[in-house]
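Trainee: Can we go through this structure together? I have the sequence and the model open.

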Amino acid sequence: MDKLSITQWAEDDRPREKLMRLGPEALSNAELMAILIGSGTPEESAVDLMKRVLNDCNNNLNTLGKRSIYQLMEYKGVGPAKAVTIMAACELGKRRQMEKAEVRPKLDSAEAIYQYMHPKMQDLDVEEAWALLMNQNFNLLKAVRLSHGGISETAVDVRIILKEALLANATIVAICHNHPSNNHRPSSNDDRLTELVRKACQTMRIFMLDHIIITDGRYYSYREEGRLS
């Protein structure tokens with residue numbers, strides 16, 4: 001009986017689809033390696049080929065990492081490109097082990113947000129608006145520039161803020177923008193934007209930490225002024 005290729009497998013069993021559905025931790029080492037090499041041979045799927053390679057390494061990734069390109073190419077279905085891909089993946093794994101975990105800025109106050117954003121905004125001659133997306137510990141997940149606008153105002157789409165927050169799995173959001181005039185007081189448009197974002201975040205059960213207006217030397221915080229509850 002002819003062996004089924006991965007493309008003929010049930011979709012739930014295919015490594016790529018399985019990873020997208022369940023995450024990489026749900027896949028075996030052979031399945032992860034099969035994603036890297038992409039294909040096997042007419043007689044053997046990529047997963048079965050990688051099972052055979054790993055079996056010869058006592059199913060130990062450290063042992064696999066010690067194989068040379070030429071040793072890997074001894075397997076039918078593993079040419080130079082696939083052997084190089086396997087070696088590159090093993091090397092990245094070693095380098096990751098040597099890296100320290102990234103330290104995410106903690107933005108739990110208006111002052112912390114100002115200190116983080118001021119260098120990005122102090123020399124701008126037009127308004128920019130940014131969203132700062134954080135986890136429950138106020139650690140920054142992502143800073144998103146929302147708009148780059150005119151001298152006196154910039155347009156912000158609240159839907160973009162919510163979309164980015166959901167994609168980043170953020171539970172806390174702060175927004176900020178600069179005033180090129182160096183007047184740190186909010187405008188009526190700033191007030192309206194703050195209320196729109198507050199209501200949208202409330203609907204999505206995301207905590208709106210603050211709206212900060214940044215100038216060169218000082219800031220205005222809606223929360224510190226008691227205007228966010």
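**Cysteines, strands and a helix**

Mentor: Take cysteine 90: its sulfur lies 8.6 Å from the closest cysteine sulfur, that of cysteine 57, which is too far for a bond. Keep in mind that this is a predicted model.

Trainee: Is cysteine 90 buried or exposed?

Mentor: Cysteine 90 is buried, with a relative accessible area of 17%. The cut-off for buried is under 20%.

Trainee: And cysteine 201, buried or exposed?

Mentor: Cysteine 201 counts as buried, at 1% relative accessibility. Cysteine 201 also belongs to the largest nonpolar core, which has 22 residues.

Trainee: Which residues have the most contacts inside that core?

Mentor: Leu133, Ile161, Val173, Ile175, Val197 and Cys201. As background, nonpolar side chains tend to be buried together in soluble globular proteins.

Trainee: Which elements give two or more residues to this core?

Mentor: Strand 1 (128-134), strand 2 (140-148), helix 8 (158-167), strand 3, helix 9 and strand 4 do.

Trainee: What does leucine 133 touch?

Mentor: Leaving out residues up to four places away in sequence, its contacts include Leu140, Leu141, Val144, Ala165, Ile172 and Val173. Glu164 and Lys142 are also among the residues that leucine 133 touches.

Trainee: How do strand 3 and strand 4 run, parallel or antiparallel?

Mentor: Parallel; seven bridges join strand 4 to strand 3, which spans residues 172-178. Within that pairing, histidine 177 stands opposite isoleucine 213 of strand 4.

Trainee: What do strand 3, helix 9 and strand 4 make?

Mentor: They make a right-handed β-α-β unit, with helix 9 at residues 188-203.

Trainee: And strand 5: parallel or antiparallel to strand 4?

Mentor: Antiparallel, with three bridges joining strand 4 to strand 5 (residues 219-221). Serine 221 in strand 5 is the bridge partner of isoleucine 212. The hairpin of these two strands has four residues between them, and glycine 217 there takes a positive phi near 125°.

Trainee: Changing topic. Where does glutamate 31 lie?

Mentor: In helix 2, residues 29-37. Glutamate 31 counts as buried, at 13% relative accessibility.

Trainee: What does its side chain reach?

Mentor: The glutamate 31 side chain reaches the backbone nitrogen of serine 28 at 2.8 Å. There is also a polar contact, at 3.3 Å, between the side chains of glutamate 31 and lysine 18. Not counting residues up to four places away in sequence, glutamate 31 touches Pro15, Lys18, Ala26 and Val47.

Trainee: Methionine 33 next. Where is it found?

Mentor: Methionine 33 is in helix 2, and at 8% relative accessibility it counts as buried. Beyond residues up to four places away in sequence, methionine 33 touches Met50, Leu64 and Ile86.

Trainee: What separates methionine 33 from tryptophan 130?

Mentor: Their C-alpha atoms are separated by 39 Å, and the two residues are 97 residues apart along the chain.

How values were computed:
Residues are numbered from 1 along each chain as its sequence is written. This is a predicted model: local features need pLDDT of at least 70, side-chain atom pairs count only at pLDDT 80 or more; totals for chains, interfaces and linings use all residues. Side-chain values use heavy atoms; hydrogens and water are left out. A disulfide is a pair of cysteine sulfur atoms within 2.5 Å. Buried means under 20% relative accessible area, exposed over 50%, partly exposed in between (1.4 Å probe, protein chains only). Two strands pair if DSSP finds at least two bridges between them. A crossover is right-handed if, with the strands pointing away from the viewer, the path from the first strand over the helix to the second runs clockwise. A nonpolar core is a set of buried Ala, Val, Leu, Ile, Met, Phe, Trp, Tyr and Cys residues joined through side-chain atoms within 4.5 Å. Contact means heavy atoms within 4.5 Å. A polar contact is a pair of N or O atoms within 3.5 Å; within protein, one must be able to donate a hydrogen and the other to accept it, and residues adjacent in sequence count only if both atoms are side-chain atoms.
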